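User: I would like to learn how to read a structure like this one, feature by feature. Please give me the general idea each time, then the case at hand.

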Amino acid sequence: MWAELAKRAFTSLAVVLIVVIMSFSLIHLAPGDPAMLMAGEAASPEYVETVRKQYGLDKPVYEQLAIYLSTLASGNLGYSITYGRPVLIVILERLPQTILLVGTSILLSFAIGVILGILAAKKAYSYLDVFINTVVLIMFSIPAFWLGLMLILVFALYIPIFPVGGMIDIGISEDPFAISLSVLHHLVLPTITLSTFFLATYTRLTRAGMIEALGMNYVLLARAKGIPNSRILRHHVLKNALLPLITVLAIQLGLMVGGVVFTETVFSWPGVGSLLVQAVYYRDYPLVTGIFIFTSAAVSLANFVADLVYFMIDPRIRIKVSV
Amino acid sequence: MMIRSKRLFRNLLSERYVIVPFIIYSPILIAAIFAEYIAPYHPLETGVGPPLSPPTLNYLMGTDQLGGDIFSQVVYGARTSMFVSFISTAMAVMIGLLVGVPAGYFKGLVDEVLMRVTDVFLSIPSFILIIFLVVLFGSDIYTLTIVIGLVGWPTLARIVRAQILSLSEREFVLAVRALGASPLRTMFSEILPNTILPLIPAIMLQLGFAVLVESGVNFLALGDQNVMSWGRILWMASRSIYAGVWWGIIFPGTAILITIFSLNILSDGVSKIINPKTARSW
């Protein structure tokens, strides 16, 4: 088991290293002066020269790579001209808002998705099942940016019950309760937008897992022993059906990043996703590169954590791997 | 083989999961092919009508704030979307085969190395990588197409590899080998034709992904300024959303939704036909 975990940890680290080398190579392959691409378009000529010296861009390529890697290893992702602060700090300031949005969306889509999946599986191949499947497939196909615009149109402009965007009302009192309430109010539409795609995935996976588990011999045995259906469902079927969702949840985090960019942009939510779009508009190359490396590292860390959780809760893997 | 493919074709046609998407997708297909004959105006031309006019008989889907005809834009957007998604997916399939075939065929070290590389690419957030590449290399439509193709192959490579691994152990392949067929012949006439069909659902999903990314990049106003795109119409409309311009949002969005939705049904339908046992649980 430890050997397997070490292998996974090694893979995660390799991903980060390769992403870093990749962004280094891409910056050098791209048309234009690498020093400019590492300083940002708003940089003054003097600052570009400073960056050239700092990263040794007049030296041979392998030395440049060594300098780049050691700079990054010390936690220095570069300096953002537009924000006048180190890239890492700019990203970390935006991170809590993104975690709030992503966390709420995962919880919501997981809860509703599992319930819908169970409903569909219990009445498999009935009209209810077909209906749920169709709705879910439509949800699976809606682009986040369009759904966001539609929600704004309907629930913020025609029926103005939710704010158009932002995270908090301006000029609100210092009262923490009022602040949380305002944030929650702003959170509703972005969360629905981001949840939709994942809700669809969870529903489909739960349904597939349930139907597979229901056909297993241990369910037959449990039935033969006279255990009531609801208990079989809770203790035997659900446990096995929900297991794969953990892995998928982690894999989908990588996909979710795209959805986060759109959702945050549409609702002007002050997170890492809208930061990326702003950085692109300002041609703040160090910030764009920094966000690319940062999100890749975050996603591969999440994958590793998911593996850990899987190892902890599924005894079969623990035993199989250690034997 | 002939009889089998005929029967397969008939099966495909009798499956409602294949017919329904074709029917709902056909307007978009027709728009993409015959755009010149359908669209009344040039998609990039502004001032062909009053700004922000709701749908009327002259402007079927209304106009944007510059007085561009949204109907013409949606029609030409279909062509862009189809061009980008088809070419980029063809590229992704090609790379997927180039990586997956040797991995599955040679096994051992080659497999180990190629699959580690694939895993690394799988765990990079693809949309951020695409934006990063677009920022560095520019965003004209050909660059964007190549970028989407370069990012989309890992899943396809994994499926090809798995398929080839399992096929090379099957009796009919062993039989051909025993009859003295060369490895190349075995590969091209026995194994490869049998990997294509199981790849189709994944290809459909990749097409959908490409449609989404193409319109998404344009929605962020990072796309080619000389080409009309559904995403670009949505971007324009999002800037006049406070004026209640629903027509600029509903029509291009529905076009994207229909395209991705029919690709998803098709993907489901084909996997049901290929793999009736496991697909039943979906």
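User: Let us start with one residue. Where in chain A is Ser173(A)?

Analyst: This is a predicted model, and Ser173(A) sits in its loop between α7 and α8 of chain A.

User: What is the overall make-up of chain A?

Analyst: Start with the secondary structure, which comes to 13 helices and two strands in chain A. The C-alpha atoms of the chain fill a box of roughly 80 × 60 × 40 Å along the principal axes. Of the 323 residues in chain A, 40% are buried. Contacts are then sorted by sequence separation: among those in chain A between residues at least 6 apart, 69% join residues at least 24 apart.

User: Into which domains is chain A divided?

Analyst: The division gives domain 1 (2-73) and domain 2 (91-281). The C-alpha centres of these two domains of chain A lie 36 Å apart.

User: What should I make of a positive phi?

Analyst: In general, most residues other than glycine have a negative phi. Arg283(A) is not a glycine, yet its phi is positive, about 50°. Arg283(A) lies in the loop between α11 and α12 of chain A. It counts as partly exposed because it has 17 C-beta neighbours inside 10 Å.

User: What is the phi of Leu52(B)?

Analyst: Leu52(B), also a residue other than glycine, has a positive phi near 50°. Leu52(B) is in the loop between α3 (35-38) and α4 (70-106) of chain B. With 18 other C-beta atoms within 10 Å, Leu52(B) is partly exposed.

User: How do I read the interface between the chains?

Analyst: Count the residues on each side, then ask which elements supply them. Here 42 residues of chain A are in contact with 35 residues of chain B. On the chain A side, the elements giving two or more residues include α1 (2-29), α8 (176-214), α10 (229-266) and α12 (285-313). The element that gives the most is α12(A), with eight residues. By type, this side of chain A divides into 31 nonpolar, nine polar and two charged residues.

User: And how do I read a nonpolar core?

Analyst: In soluble globular proteins, nonpolar side chains tend to be buried together. The largest nonpolar core in this model has 161 residues, and Val288(A), Ile291(A), Val74(B), Ile130(B) and Leu234(B) have the most contacts inside it. Domain 1 (2-73) and domain 2 (91-281) of chain A each contribute at least three residues to this core.

User: Which residues does Val288(A) touch?

Analyst: Leaving aside residues up to four places away in sequence, Val288(A) touches Leu276(A), Ala279(A), Val280(A), Phe132(B) and Val135(B).

User: What surrounds Leu234(B)?

Analyst: Leu234(B) is in helix α11 (residues 230-239) of chain B. It counts as buried because it has 26 C-beta neighbours inside 10 Å. Its contacts, beyond residues up to four places away in sequence, include Phe145(A), Trp146(A) and Leu149(A), as well as Phe219(B) and Ile249(B).

User: Which residues of helix α7 of chain B are buried?

Analyst: In α7 (residues 141-151) they are Leu144(B), Thr145(B), Val147(B), Ile148(B), Gly149(B) and Val151(B). These buried residues pack against α4, α6 (126-137) and α10 (183-219) of chain B.

Notes. Residues numbered from 1 in each chain as written. Chains lettered and ligands numbered in written order. Predicted model: local features only at pLDDT ≥ 70, side-chain atom pairs only at ≥ 80, totals over all residues. Contact = placed C-beta atoms within 7 Å. Helix = DSSP H or I, 4+ residues; strand = E, 2+ residues; numbered from the N terminus. Nonpolar A, V, L, I, M, F, W, Y, C, P; charged D, E, K, R; others polar. Buried ≥ 20, exposed ≤ 12 C-beta atoms within 10 Å, placed from the backbone. Core = buried A, V, L, I, M, F, W, Y, C linked by C-beta atoms within 7 Å. Domains from an automatic or database assignment.
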